[in-house]
Amino acid sequence: MERLLNKRIEKLDNFGRGIIREQGIIFVDDTLKDDLVDIEIVKDKKGIKEGRVINYLERSPYYRESICPYSKECGGCHIINLLYQEQLNYKKNKVQELIDKMLKENIKVKDIISSNEEFNYRNKITLHGDNKSLGLYKKKTNDLVVIDECKLVDDKINAIIKRLKEYILKRDILIYEVTIKTTTLNEQMLIVRGRLDYEDFRKSFTDIKVIIINDQVITKDKYIKERLLDKEFYISNRSFFQVNEYTTKMLYQKVIDLVKDKNFKRGLDLYCGTGTISLLISPYVEEVQGIEVVEDAYLDANRNKELNGIDNVQFILGKTEDNLDTFNDIDLVIVDPIREGLDSKTRNNLKRIKPKQIVYVSCDPVTLMRDLVDLKELYEIEEINICDMFPNTYHVESVCVLTLR
Ligand SMILES: C[S@@+](CC[C@H](N)C(=O)[O-])C[C@H]1O[C@@H](n2cnc3c(N)ncnc32)[C@H](O)[C@@H]1O
């Protein structure tokens, strides 16, 4: 194996890997900007190399010890060793570099919404099972890293992990996968796949509001409830719901601030999930229509409309791209797509409908920039803000405002 000694890490790439430029580019896991390292090359595919640290000669001034005993093995917290303020700088710089490279306009990232909690912020985790253990899969593999707790999740979830592990140990059962969801209203959901006695499980977890085993709901209730800002939301098994309650509230408040006082008449909320954004902006527009492809989320959205006594919102079940052709006279569109961003059919329809304002909430800055390059033919990019929904990981959420030229 080729060895390179005494090398300085230049920066982190979009996935939190260190970069060394030396006859091309070398990506090095488990490093930070300014680390001085000896590495060995472990992969070389057409000049794109991957290196492994064999010696840290100097650690970066931004380095901190990980508080998680599993972080190295599990790999889910890509930047847990980076001081939190530097994590925010990294995310800001990453989005700024993409703006400079892809948009080629003089736009600066405006606000950074940080997370109030660096740890214990997640309201959801999925664990995998292996005989008598539960754990997380090691990055890019199906190798189980057995854990007793995860530093990213809410303490209520960690308490359930402990109970689940004790439960499994005392029985001859097999849990392949379990998802645990919780809310700030202290309601929990367990979604289990495996070979187990449903009745015994239910009796052992009577405090859990919703239990679903192998797609069968075995509790009286099917939904857990969350409160965000002044509204409440039912969440069911397959519905998307943002994982960081505090940052989500900040993000939604930002969207509300961008919409209120503008007298919009007709709004569209594309990729609307359980209807959170549609319902939160409903007091500030005459009417809103939300589009969502997952049936459970669409049904939750309708339930949430009723729960909050709202009557100026309608939801459509289906794909965004298949449902926009007939829309006209819309002055506000909010989009919050999955990582793939907007497809060309949706972008073309937005350019045909020409809403006065588009608010683009994105969980992938690369697809966001690709879409902005297309939309900027007709739209002024007014502001791009970032939001730290996922501390200790490389993920970054953005909120962008576009106004019709
Ligand atoms: C990032 S989530 C946003 C949900 C919601 N805005 C929120 O804040 O909770 C994206 C949502 O888009 C839905 N989705 C994915 N592809 C879709 C499509 N082609 N058309 C409509 N909805 C889609 C997903 O099921 C998910 O609920």
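# Note on the predicted model

1. The buried residues of helix α9 have α2 (84–103), α8, β21, β22 and β23 (397–404) among the elements that cover them. Contact here means heavy atoms within 4.5 Å, and buried means under 20% relative accessible area, exposed over 50% and partly exposed in between, with a 1.4 Å probe and protein chains only. Helices (H or I, at least four residues) and strands (E, at least two) are DSSP runs numbered from the N terminus. The model is a predicted one, in which local features need pLDDT of at least 70 and side-chain atom pairs count only at pLDDT 80 or more, while totals for chains, interfaces and linings use all residues. Residues are numbered from 1 along each chain as its sequence is written, and side-chain values use heavy atoms, with hydrogens and water left out.

2. Helix α9 is largely enclosed by the rest of the structure, because 8 of its 11 residues are buried. The buried positions are Pro365, Thr367, Leu368, Met369, Asp371, Leu372, Asp374 and Leu375. At the start of α9, a side-chain oxygen of Asp364 comes to within 2.8 Å of the backbone nitrogen of Val366.

3. Helix α8 spans residues 344–353, and its buried residues are Thr346, Arg347, Asn349, Leu350, Lys351 and Ile353. The cover over these residues includes β17 (266–270), β20 (332–335), β21 (357–362), α9 (365–375) and β22 (379–387). Just after α8, Lys354 adopts a positive phi of about 50°.

4. Tyr271, a residue other than glycine, has a positive phi near 65°, and its place is in the loop between β17 and α6 (276–281). Asn392 is likewise a residue other than glycine with a positive phi, in this case near 75°. Asn392 belongs to the loop between β22 and β23, and it is buried, with a relative accessible area of 0%.

5. The ligand site comes next. Of the 18 residues around the ligand, Tyr252, Glu292, Thr320, Glu321 and Asp336 come nearest; a residue counts as near if one of its heavy atoms lies within 4 Å. By class, this shell holds 9 nonpolar, 5 polar and 4 charged residues.

6. A polar side-chain atom of Glu292 lies 2.7 Å from a ligand oxygen, and a polar backbone atom of Thr320 is 2.8 Å from a ligand nitrogen. Taken alone, the ligand exposes 600 Å², and the protein buries 92% of that; accessible areas come from the Shrake-Rupley method with a 1.4 Å probe, and for residues only the protein chains shown count as cover.

7. The domain assignment (bounds from an automatic or database assignment) divides the chain into domain 1 (3–63), domain 2 (88–117 + 244–404) and domain 3 (124–225). The centres of domain 1 and domain 3, taken over C-alpha atoms, are separated by 37 Å.

8. Val192 sits in strand β12 (residues 188–195). Is Val192 buried or exposed? Val192 is buried, with a relative accessible area of 1%. Apart from residues up to four places away in sequence, Val192 touches Ile175, Glu177, Val178, Phe201, Ile212, Ile213 and Asn214. Val192 and Asn214 are 22 residues apart in sequence, and their C-alpha atoms are 6.2 Å apart in space.

9. Thr248 lies in helix α5 (residues 245–259) and is buried, with a relative accessible area of 1%. Neighbours within four places in sequence aside, Thr248 is in contact with Leu228, Gln242 and Met389.

10. Lys11 is found in strand β2 (residues 11–12) and is partly exposed, with a relative accessible area of 23%. The side chains of Lys11 and Glu97 make a polar contact at 2.7 Å. Such a contact is a pair of N or O atoms within 3.5 Å; within protein, one must be able to donate a hydrogen and the other to accept it, and residues adjacent in sequence count only if both atoms are side-chain atoms. Lys11 and Asp35, 24 residues apart in sequence, are 9.4 Å apart from C-alpha to C-alpha.

Methods
Nonpolar A, V, L, I, M, F, W, Y, C, P; charged D, E, K, R; others polar.
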